[in-house]
Each structure stands twice: as structure tokens, then as C-alpha cells.
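Thanks for coming, everyone. I have one model to walk through today. Please have a look at it first.

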Amino acid sequence: MQKTSARLLALLSLLQARRDWPGALLAQRLDISPRTVRRDVDRLRELGYPVVAFKGPDGGYRLDAGAELPPLLFDDEQAVALAVALQSAAGSGAGTEEAAARALTTVRQVMPAHLRHRIDALRITAIEQPDTATDAVAGGVLVTLGAAVHAQEVLRFDYATPGLTEDEPGDGPGGRRAASPPRRAEPHHLVTRAGRWYLVAWDLDRDDWRTFRVDRITPRIPTGPRFARRELPGGADVAAFVAGRFRGTDGSGEWPCRGEVILDLPAGVVSRHIRDGLVEALGPDRCRLALGSWSWSGLASVIGRFDADIEVVGPPELREAFAHLARRYAAAAQPAPAAHEARGGGGESAP
């Protein structure tokens, strides 16, 4: 009985994963005969699941949707994945924290006891959550943007300027800021990065690619005409394009500043703290590090995190950045004038 129950659960999981399943492929995936597949399908129908058969060269089965569909079943891996996804919603910036919590409660109620226990034992704390006062995105906005991306329709929207509202003083009539015309863009991708949502789109007014923060977008309805999908610069995928934009480049994915140093540390130690760089072992306690950043000072400060002697290989700009930071840090290490006065009692400066 346990073997049959496990097999039925696996069959139902497969039927939920895709619309049409050829009978022969189901038999192969479950490692059973086509006759056993037919019997198991009949058992699911007896349990109330609307499994229908379709004819043709690859005749098989599909799970139809219906108002009387019994509660969905999850295997152990699916239950864990669902719990992780719903509990991680707090760090998504999508403004769905309460809805995700209610969804997890609803799903939990229809699960077998052993799966409920697994979910109850899995508690996730999302850290580095976005500031809900400024970064939260309404679920309706995400749905609207996603629909425009899917339908390939021009999007019109208002885009908020950081630190400035329509009610603040400006150059418009009566000394108030004039309302900006709506932006027009061809939305291509909706992405999330570090708990914040972005829309990658072709800006029709600026004739260039732009990455818009979704929490600053107020869509205007209706959307515009359909458009032909464009290719990102250099044929890059959306992940590489967005990463490149955050690096201050044109989307090529390369940092504007790249340098190379030698550190008196094992390569294994350095590589654990480098996400986007190349580490080459030069010995048991010595390695070469090639790294990039948005500025030379930024690159020098990142390398300076390692508690080790540094030998700059190049370029000269990186060496100059280290010298600049050295002067700045040396000045910062000097006691403040107020501290001298407090210690001297008479306000005299140190020699």
C-alpha cells in the first residue's frame, strides 16, 4: 500500500508539472508499465482528480483544472521548496509578506502531518530586508509591469525623482515643481536584485536602454501599442546586462576599473571573500588577485580589507589610489583638535 501511495503521489506531481504527458513517457519516468500507469490514473480519478486522456500518436494524460479539484499534494522536496520560497518573500521587496504568510498557512493545513512537521521545523529569517517605507513594491504594480512585458506593449508611467515630490517648491507655476510628462518605454525584463525590483526597458524618449527602479514607477493605464522585442547590447543576457549597469558600464559586463595585486595570503582564504574576481595561487601563502570596481579608490579599499601585505602589479591608477587612501587614512588617524584641547586644558595644539 505504501508503494502504491508513493507512486500515486509521484504521478500526481508529474501531472502538475506540465500540461500534457505521453503515457509512454510517464511509464518511463515512474519506471512502471503503461498498464500500471492506466490503473494509477483510474485511482486518481476515484480520489476526485480530473485526469483526462487525449488521443494521438503520443496519446497520454493531462490534469484538468476544475472547481472541485481536491487539495494539491506535495512531495517532501516540493514542501521544503514551497516553505523556503514563501518565508523568503519578506526579503523580495514585492510587498507580499502578509499574503505569503497566509498562503503558507493555507497550504500547511492541507498537507499530511509529516510534511507539516517538516515545514514547522523550517524557520527562515530574511536579513537585509528592503526599507518598506521607500523600497516596497505593490503587488499590483508588479502584475501590471509583468503583463506589459509578456504582451510586448509600450508602457507609460510616472517616474519619481528621489528626494523631490510634486508638492515641493520648484520652477513651475506658482513656484511649484512642474509635473513631468510620463515616461514611455518598451518593457523587456522584470528582475530582482538584492531585495529590490527593476524594469529593464528601451526608453523611447531617450532612444537607449534604461534600468528603472520599480518602487518609483506609477504605471498609467492603458498601455500603448505592441512592439518588436529588441536584443540587449552585445547579445548579453539580462543578468549580465543588469550586472554591467551596476558596475557603471554600458551593459558589456566589464568593470570600468580593473587592477591586479599580489597578496601574502593563501589563495583559498582570498577566494572565499571574492565574488567577482580571479585568484591564482603563487605558493602556500601567496596569491595573485585580479579584481574590478566602479572606481580606483573603491578597488583599492576592497583589496585593503585583507589583513596582508599588498604588492601592486598594475595599473598605475591603482597604485595612485592606494597612495591617496594612505594619505586619507593617515590624516584620519590623527587626534581631533577637540581631543587635544580636552587633554591640554588650555586649548594648545600639539607640536
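First, the ground rules. This is a predicted model, so local features need pLDDT of at least 70 and side-chain atom pairs count only at pLDDT 80 or more, while totals for chains, interfaces and linings use all residues. Residues are numbered from 1 along each chain as its sequence is written, and side-chain values use heavy atoms, with hydrogens and water left out.

The overall picture. The protein chain has 12 helices and 12 strands. Helices (H or I, at least four residues) and strands (E, at least two) are DSSP runs, numbered from the N terminus. Of the 351 residues in the protein chain, 32% are buried. Buried means under 20% relative accessible area, exposed over 50%, and partly exposed in between, with a 1.4 Å probe and protein chains only. Now contacts, meaning heavy atoms within 4.5 Å. Among those between residues at least 6 apart in sequence, 56% join residues at least 24 apart.

Now the sheet. Four strands form an open sheet, in the order β10-β11-β9-β12, with antiparallel pairing. β10 (277-283) and β12 stand at the edges with a single partner strand each, so one side of each has no neighbour in the sheet. From one strand to the next, the twist averages 25°. Two strands pair if DSSP finds at least two bridges between them. β9 and β12 pair over 4 bridges, in the antiparallel sense. V261 has V312 in β12 as its bridge partner.

Next, the helices on this sheet. Axes here are lines fitted to C-alpha atoms, for helices over the stretch in contact, and angles run from 0 to 180 degrees between N-to-C directions. α10 lies across β9, β11 and β12, at about 25° to β9. α11 lies across β9 and β12, at about 145° to β12.

What about α10 itself? Which of its residues are buried? In α10 (296-303), they are G298, L299, A300 and I303. Their cover includes β9 (257-263), β11 (286-293), β12 (310-314) and α11 (316-332). At the start of α10, a side-chain oxygen of S295 comes to within 2.9 Å of the backbone nitrogen of G298.

How do α10 and α11 cross? Their axes come within 8 Å and cross at roughly 70°. That makes α10 roughly perpendicular to α11, a label for angles of 65 to 115 degrees. On the α10 side of the contact, the residues include W296, L299 and I303. On the α11 side, they include L318, F322 and Y329. By class, the contact has 9 nonpolar, 3 polar and 1 charged residues. Ala, Val, Leu, Ile, Met, Phe, Trp, Tyr, Cys and Pro count as nonpolar, Asp, Glu, Lys and Arg as charged, and the others, Gly among them, as polar.

Last, the backbone. Most residues other than glycine have a negative phi, and most peptide bonds are trans. Here are the exceptions I picked.

The peptide bond from G314 to P315 is cis, with omega near 0°. P315 sits in the loop between β12 and α11. A cis peptide bond also joins I221 and P222, with omega about 5°. P222 is in the loop between β8 (217-220) and α8 (238-246).

Then positive phi. D31 has phi near 60° and is not a glycine. D31 lies in the loop between α2 (23-30) and α3 (34-46). D31 is exposed, at 71% relative accessible area. Q152, also not a glycine, has a phi of about 55°. Its loop runs between α7 (139-151) and β4 (155-159).

Terms used: Polar contact = N/O pair within 3.5 Å; in protein donor to acceptor, adjacent residues only side chain to side chain. Parallel < 35°, antiparallel > 145°, perpendicular 65-115°, else oblique.
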